[in-house]
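Reader: I'm new to reading protein models, and I'd like to learn how to describe what I see. Could you walk me through one?

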Amino acid sequence: MMNQKTRDEILLYWSGEADAAQEARVQVLLKSDPEARVYFDELCQFDVLRERLASSPSMPSSGSFAEHAVCEMLAERSGWRGIGPWVSVAAVVIVILAAANRMWPSNEERKETVVREGTQEEGLVLPRAMERPRLSQRLFVRERHTARLPKILIARERARKLRIRLEKFPQ
Amino acid sequence: MDDSLLIRKFCSDGDGEAAAELLGKYERALYQFIWQMLHHSQDCEDAMQETFSKALCALPRYREENHFKSWLFRIGRNEAISVIRRRRRTVIVESPEERPEADPLIDSQPAVSEVMEQRERLQALDQAISQLPEKEREVVAMRTQGELPFKEIAEIVGAPIGTVLARMHAAKKRLKSLLNTELGR
């Protein structure tokens with residue numbers, strides 16, 4: 001009965017992977033041991049098996065997988081190459097817009113500053129809610145930041161406060 | 001052309017033809033190996049496509065200390081195993097009759113009975129291999145159809161060479177009894 005080591009050596013010999021010492025041992029064994037010879041002959045059946053299976057399965061008639069995979073990959077690459085410049089242009093535009101937005105103060109910020117300065121000049125202490133411009137002004141006013149704007153806004157705010165005081169006045 | 005040269009051409013120059021030639025060299029062996037693992041045309045084709053796509057993506061990271069064929073077979077094996085896992089080991093066996101154009105015997109016009117006999121033998125062989133446990137089947141397929149040495153198979157499956165040889169021995173024993181049963185019917 002062959003042991004596992006001998007069996008492994010025969011397998012390696014059949015596969016052409018045995019080293020010189022293993023090869024010499026197996027060759028001696030094949031001459032002297034009928035069981036080893038039968039085992040080796042059975043392994044040789046795998047060569048027959050390979051030949052028999054060579055035609056099965058057939059490759060699909062749709063074409064080469066290799067070519068298909070390469071074409072797909074190249075198409076994908078060229079697709080990205082086409083989009084690439086547009087993506088960078090869009091990125092640059094976004095960066096410029098973001099920078100401009102940071103540098104240019106919003107209408108709301110400007111109005112709040114103006115109102116605060118106006119009330120401080122008059123020495124008035126207004127409730128927090130009154131310091132801010134009206135919601136409609138905050139939402140819809142789109143004036144440019146000109147030199148005249150603070151004066152107009154202060155005048156408008158004064159008129160608003162006067163209106164409030166008049167409303168509180170007894171009829 | 002040498003594998004490493006083709007790889008260099010593809011990686012540095014983006015030469016698609018070099019990549020197609022490189023993969024094309026092992027296409028048939030890989031297809032047969034995956035076929036023996038899956039025994040299903042559609043799954044086999046999907047796994048082939050996926051294997052080649054992954055190989056092309058990973059090719060720039062390929063290191064030359066490994067044999068390219070083993071590297072490619074490792075990707076193919078992983079793909080086949082993932083298909084098997086997806087299908088929860090439900091292997092649908094297609095008979096060779098479904099692919100009559102594959103039989104080269106038809107071209108040589110032998111006697112009908114001879115063709116039938118050959119076909120039956122081939123079918124029995126195919127079925128016997130498909131009945132092997134997965135781990136034994138992959139070793140047999142890699143050795144016979146992939147023509148990979150046991151040392152490389154051991155690296156691919158991540159097992160010691162002794163284990164791979166034991167699997168081959170077990171597969172041989174099982175195939176012998178399966179074929180005796182099939183052909184003795």
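Reader: Let's begin with helix 1 and helix 2 of chain B: at what angle do they pack, and how far apart are their axes?

Author: Two packed helices are described by the angle between their axes and the distance between the axes. Here, in a predicted model where local features need pLDDT of at least 70, side-chain atom pairs count only at pLDDT 80 or more, and totals for chains, interfaces and linings use all residues, helix 1 (residues 3–13) and helix 2 (residues 16–38) of chain B pack at about 145°, with axes 8 Å apart. Residues are numbered from 1 along each chain as its sequence is written, while chains are lettered from A and ligands numbered from 1 in the order in which they are written. Helices (H or I, at least four residues) and strands (E, at least two) are DSSP runs, numbered from the N terminus. Axes are lines fitted to C-alpha atoms, for helices over the stretch in contact, and angles run from 0 to 180 degrees between N-to-C directions.

Reader: Is that crossing left-handed or right-handed, and which residues make the contact?

Author: A crossing is left-handed if the near helix is turned anticlockwise from the far one by less than a right angle, and right-handed if clockwise. Helix 1 and helix 2 of chain B cross in the left-handed way. From helix 1 of chain B come D3(B), L6(B), I7(B), K9(B) and F10(B), and from helix 2 of chain B come A18(B), A19(B), E21(B) and L22(B). Two residues are in contact if their C-beta atoms, placed from the backbone, lie within 7 Å. Sorted by class, this contact has 6 nonpolar, no polar and 3 charged residues. (Ala, Val, Leu, Ile, Met, Phe, Trp, Tyr, Cys and Pro count as nonpolar, Asp, Glu, Lys and Arg as charged, and the others, Gly among them, as polar.)

Reader: Now a second pair: how do helix 4 and helix 7 of chain B pack?

Author: Helix 4 (residues 68–86) and helix 7 (residues 150–157) of chain B pack at about 45°, and their axes are 9 Å apart. These two helices of chain B are therefore oblique to each other. Angles under 35 degrees count as roughly parallel, over 145 as roughly antiparallel, 65 to 115 as roughly perpendicular and the rest as oblique. The crossing of helix 4 and helix 7 of chain B is right-handed. S70(B), F73(B), R74(B) and R77(B) of helix 4 meet E152(B), E155(B) and I156(B) of helix 7. That contact comprises 2 nonpolar, 1 polar and 4 charged residues.

Reader: How many residues does the largest nonpolar core have?

Author: In soluble globular proteins, nonpolar side chains tend to be buried together. A nonpolar core is a set of buried Ala, Val, Leu, Ile, Met, Phe, Trp, Tyr and Cys residues joined through C-beta atoms within 7 Å. The largest one here has 54 residues, and those with the most contacts inside it are L23(B), L30(B), I34(B), M48(B), F52(B) and M142(B). Helix 2 of chain B gives the most to this core, with 12 residues. Leaving aside neighbours within four places in sequence, F52(B) is in contact with F65(A), A66(A), A69(A) and L23(B).

Reader: What does each chain supply to the contact between chain A and chain B?

Author: Chain A gives 29 residues and chain B gives 36. On the side of chain A that touches chain B, helix 1 (4–15), helix 3 (34–53) and helix 4 (65–103) each supply at least two residues. Helix 4 of chain A gives the most to that side, with 9 residues. By class, the side of chain A that touches chain B has 15 nonpolar, 6 polar and 8 charged residues.

Reader: Why does H39(B) count as buried, and why does E147(B) count as exposed?

Author: A residue is buried if 20 or more other C-beta atoms lie within 10 Å of its own, exposed if 12 or fewer, and partly exposed in between, with C-beta atoms placed from the backbone. H39(B) counts as buried because it has 20 C-beta neighbours inside 10 Å. E147(B) has 12 C-beta neighbours inside 10 Å, so it counts as exposed. H39(B) lies in the loop between helix 2 and helix 3 (41–58) of chain B, and E147(B) in the loop between helix 6 (134–144) and helix 7 of chain B. H39(B) has a positive phi of about 50° although it is not a glycine; for E147(B), not a glycine either, phi is positive at about 55°.
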